[in-house]
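Please open the model in a viewer and keep the selection panel at hand.

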Amino acid sequence: MKSERVRSVSDVLLLAPVRGLAAEVAPVIAQLGSYRPEVVGVGLSADEMQALNQYFVVSEGDPVVPLTSIETSEVRGLSRFGEVRVPNPVFIEILRWAGERALPVEALDPSDDRTATLFTEHIGYVELVRRTVKERAVSRRPPTPSTPDEYALEWDREVAGGRGSRGFAGARDRHLVRGAQRIGAGRSRIAVVVDRERFDLVRELLSGNVPDVIGDD
């Protein structure tokens, strides 16, 4: 997990755990508890957050979560480093932890429909074909780095390293940061939690250091 305090509209604790890795839950919750944010923003759409609340936080039984072949491969490769859960257990436990404290949690990602539109705006046919080929290749031969942090970054580079994919990621992260600035206005401390591969760009955007090509939404 990566973490850093960033000065934006308010003081921001930015946390970026490796997606799916159960061992990331405890340090994330510990840091949130020590920091005592006034609100937590998460790298999810409102629909995604609602589904997690409905089916995994409030519900007494966990539903079966179907995985695509590439998701299965990603989980299999990550499991070298410990227990992996789907959906991401960090977000589920944040929602549970915050609910017990009546602490607001805000979904900061674009809506599912808007995300689909951003994807088509930034990723053309040629890159989509290349991306599909890369996804198939990495699903057959997942990365084998020595740490889960490196695994998350290498997986993302393999699948989403094209210019259009970077533009899509930039547009999504710009939307997230505007949301973080919105919920931070009038507050002294907020926390923002995103997947590990999003940490660097979100940190730069929060700090006001905008890379040359990150896309727009």
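The model is predicted: local features need pLDDT of at least 70, side-chain atom pairs count only at pLDDT 80 or more, and totals for chains, interfaces and linings use all residues. Residues are numbered from 1 along each chain as its sequence is written, and side-chain values use heavy atoms, with hydrogens and water left out.

**Helix H9**

Select residues 199–207, helix H9 (helices are DSSP runs of H or I with at least four residues, strands runs of E with at least two, numbered from the N terminus). Buried here are Phe199, Leu201, Val202, Arg203, Leu205 and Leu206 (buried is under 20% relative accessible area, exposed over 50%, partly exposed in between, with a 1.4 Å probe and protein chains only). Just after H9, select glycine 208, whose phi is positive, about 90°.

**Nonpolar patch**

Select Tyr125, Val126, Val129 and Val133, which make a nonpolar surface patch of about 420 Å². Patch residues have over 30% relative accessible area and no salt bridge; nonpolar side chains are joined within 5 Å and like charges within 9 Å. A salt bridge is a Lys or Arg side-chain nitrogen within 4 Å of an Asp or Glu carboxyl oxygen. Valine 133 lies in helix H6 (residues 125–140) and is exposed, at 51% relative accessible area.

**Negative patch**

Finally, select Asp47, Glu48, Asp112 and Asp113, a surface patch of negative charge. Helix H2 (46–57) and helix H5 (112–122) each give two or more residues to the negative patch. Aspartate 47, in helix H2, is partly exposed, with a relative accessible area of 43%.

Terms used:
Accessible areas come from the Shrake-Rupley method with a 1.4 Å probe; for residues, only the protein chains shown count as cover. Lys and Arg count as positive and Asp and Glu as negative; His and the chain ends are not counted. The place of a charge is taken as NZ of Lys, CZ of Arg, CG of Asp or CD of Glu.
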